[in-house]
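Look at the structure first, then read on.

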Amino acid sequence: MERAQVEAMFAQLDTAKKGKIGAAEIIAALSHLDPNVKAKLPEFMAEYGKKAEDTLTLEEFAKGGRTKLGFCAKFICLDKDKDGKLNFDEFSVLPKTRFGAAYDEAKARGIFTESDTDKDGFLSIRELGELVKAHAEPAH
Ligand SMILES: [Ca+2]
Ligand SMILES: [Ca+2]
């Protein structure tokens, strides 16, 4: 992942702009996505080798790679209007970045519709998680 992208993701969580993120900030940033965020905090921090009450610096966050917290931060970055869900325009940034010139809007719309399992016209963080799981793994 590019450095600028990691920094943008970190900035979404670092609301107090102190260069580190703690439990209160993580809960505040993610509570509209997942009401159970507080219960998941120990799990998030464990992926960085930390305890729930510890803080994360940008360097620690960047080293974490593909963590659950990183995924949540990415979702917040994509959710431009901050309504806690992704419309097609917000979602399409992902395939556009991944496929570049080979981006196929009809195909992307198909994947979006297919992944919107509750058919509300938006992708929730859970629906996006399923989509990423389904499309990131190589076919067997
Ligand atoms: Ca949105
Ligand atoms: Ca949905």
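Helix H2 (residues 23–30) packs against helix H3 (residues 37–46). This is a predicted model. The angle between H2 and H3 is about 125 degrees, and their axes lie 10 Å apart.

By class, the contact of H2 with H3 holds seven nonpolar residues, one charged residue and no polar ones.

Now turn to H1 and H5. Helix H1 covers residues 3–13, and helix H5 covers residues 68–78. Their axes come within 9 Å and cross at roughly 90 degrees. H1 is therefore roughly perpendicular to H5. On the H1 side, the contact uses Ala8, Met9, Phe10, Gln12 and Leu13. On the H5 side, Gly70, Ala73, Lys74, Ile76 and Cys77 take part. Sorted by class, the residues of the contact of H1 with H5 are seven nonpolar, two polar and one charged.

A further pair is H6 and H7. Helix H6 spans residues 88–99, and helix H7 spans residues 105–115. The axes of H6 and H7 come within 10 Å and cross at roughly 115 degrees. H6 passes H7 in a right-handed crossing. Phe88, Phe91, Ser92 and Pro95 of H6 meet Ala108, Arg109 and Phe112 of H7. The contact of H6 with H7 divides into five nonpolar residues, one polar and one charged.

Two values describe each pair: the angle between the axes and the distance between them. The table lists them.

| Helix pair | Angle | Axis distance |
|---|---|---|
| H1 and H5 | roughly 90 degrees | within 9 Å |
| H6 and H7 | roughly 115 degrees | within 10 Å |

Next, step back to the domains. How is the chain divided? Domain 1 runs over 3–78, and domain 2 over 88–135. The centres of domain 1 and domain 2 are 23 Å apart. Six residues from domain 1 and six residues from domain 2 form the contact. The side of domain 1 that touches domain 2 has five nonpolar residues, one charged residue and no polar ones.

Finally, consider the whole chain. It contains eight helices and two strands. Along the sequence, these follow the pattern α-β-α-α-β-α-α-α-α-α. The radius of gyration of the chain is 15 Å. The globule rule gives 14 Å for 140 residues, which is close, so the chain is as compact as a globular protein of that length. Along its principal axes, the C-alpha trace spans about 45 × 35 × 30 Å.

Key. Residues numbered from 1 in each chain as written. Chains lettered and ligands numbered in written order. Predicted model: local features only at pLDDT ≥ 70, side-chain atom pairs only at ≥ 80, totals over all residues. Domains from an automatic or database assignment. Contact = placed C-beta atoms within 7 Å. Nonpolar A, V, L, I, M, F, W, Y, C, P; charged D, E, K, R; others polar. Axes fitted to C-alpha atoms, helices over the stretch in contact; angles between N-to-C directions. Helix = DSSP H or I, 4+ residues; strand = E, 2+ residues; numbered from the N terminus. Parallel < 35°, antiparallel > 145°, perpendicular 65-115°, else oblique. Rg over C-alpha atoms; globule rule 2.2 N^0.38 Å. Left-handed = near helix turned anticlockwise from the far one by under 90°.
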